[in-house]
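Reader: I'd like to go through this one feature by feature. Could you give me the general idea each time, then the case at hand?

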Amino acid sequence: EFRITPVHPLEKRGILYNWNRNPTTTLSEVLQQAKDFPYHNVGIVGRRGIGNHCFLDIDANGVVERIEQETGQKIPLTYTVCSRPQSAPWKRHFYFTQTSYSVSRLKKEANRKDTTKQVLSDNGILMHPTEYDLKGVGGGGLVVAAGSVRKDGEIYTVLNDVPVMEIPTWLVDWLVEDLARYRSACAKERYERAMKVTAMPEEVRTARQEQGDESAYDISECDIYEFLNWRAFQFAAMGTVGKTLE
């Protein structure tokens, strides 16, 4: 059975205090929340533990094909939801249950970006696009449930209405290795950026900072955005929302 929580109708975040620690599990709670939050979406919650749900949230076209090509395996048939069936059918949530092996190797949520590309965010900030998210293997994560409605009107739709399968050992191994490669790429990028700034003459750096040149700082706009986004998620999980969160 799924553990659920109300999700903000315009954002992909839980709205209740400690939603990741105390998700809804009984019919009476579900019915009460349906009355209390009639216009909200629903989130499926995962948290680290054998038998608990976890989610592979695919954001970029070609990621599934890359996984299958690099492993020589096929993603197993498991409960799957498409978050944008009309505009981006490759965006999928693969549901799995955790095993003793996965719990021993996957210990926290992860956001895997493509460090070879840069795109503009909705706020006009240059950043690396996300390839996939791994959710529900740490302190708690969620995916938006089928039937929920995006702010652009698209509906989260079930692609494979089948039982949730255990996460395969080979997929766990691939995730561990791929995320390690990603962390190495990020460390190399930070080092190269730091060396570039360190080698810059002080007067040149000061002048470029006054002109608003982000490359003249040790921390780029992209890193600042990611840090603030992470902090905002932490506060939201503790129940801080709305203007207070801003």
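Reader: Is His40 buried, exposed or partly exposed?

Author: Buried means under 20% relative accessible area, exposed over 50%, and partly exposed in between, with a 1.4 Å probe and protein chains only. His40 has 28% relative accessibility, so it counts as partly exposed. This is a predicted model: local features need pLDDT of at least 70, side-chain atom pairs count only at pLDDT 80 or more, and totals for chains, interfaces and linings use all residues. Residues are numbered from 1 along each chain as its sequence is written, and side-chain values use heavy atoms, with hydrogens and water left out.

Reader: Where is His40 found, and which residues is it in contact with, neighbours within four places in sequence aside?

Author: His40 is in the loop between helix H1 (27-36) and strand S2 (41-46); helices (H or I, at least four residues) and strands (E, at least two) are DSSP runs, numbered from the N terminus. Contact means heavy atoms within 4.5 Å. With those sequence neighbours set aside, His40 touches Val7, His8, Pro9 and Ile15.

Reader: What about phi at Asn18?

Author: Most residues other than glycine have a negative phi. Asn18 isn't a glycine, yet its phi is positive, about 55°. You'll find Asn18 in the loop between strand S1 (3-7) and H1, and it is buried, at 17% relative accessible area.

Reader: On to cores. Which residues have the most contacts inside the largest nonpolar core?

Author: In soluble globular proteins, nonpolar side chains tend to be buried together. A nonpolar core here is a set of buried Ala, Val, Leu, Ile, Met, Phe, Trp, Tyr and Cys residues joined through side-chain atoms within 4.5 Å. The largest has 22 residues, and Leu56, Leu171 and Leu175 have the most contacts inside it. Two or more residues each come from strand S3 (53-58), helix H2 (63-71), strand S5 (92-97), strand S9 (130-135) and helix H4 (169-198). H4 gives the largest share, seven residues. Beyond its neighbours within four places in sequence, Leu175 is in contact with Leu56, Leu106, Tyr132, Leu134 and Ile167. Another core lies apart from that one, with 15 residues, including Trp19 and Phe55.

Reader: And how many disulfides does a search of the whole structure find?

Author: A disulfide is a covalent bond between the sulfur atoms of two cysteines; the cut-off used is a pair of cysteine sulfur atoms within 2.5 Å. The search finds zero. For Cys82, the nearest cysteine sulfur is that of Cys54, 19 Å away. Cys82 is buried, with a relative accessible area of 1%, and Cys186 is buried too, at 14%.
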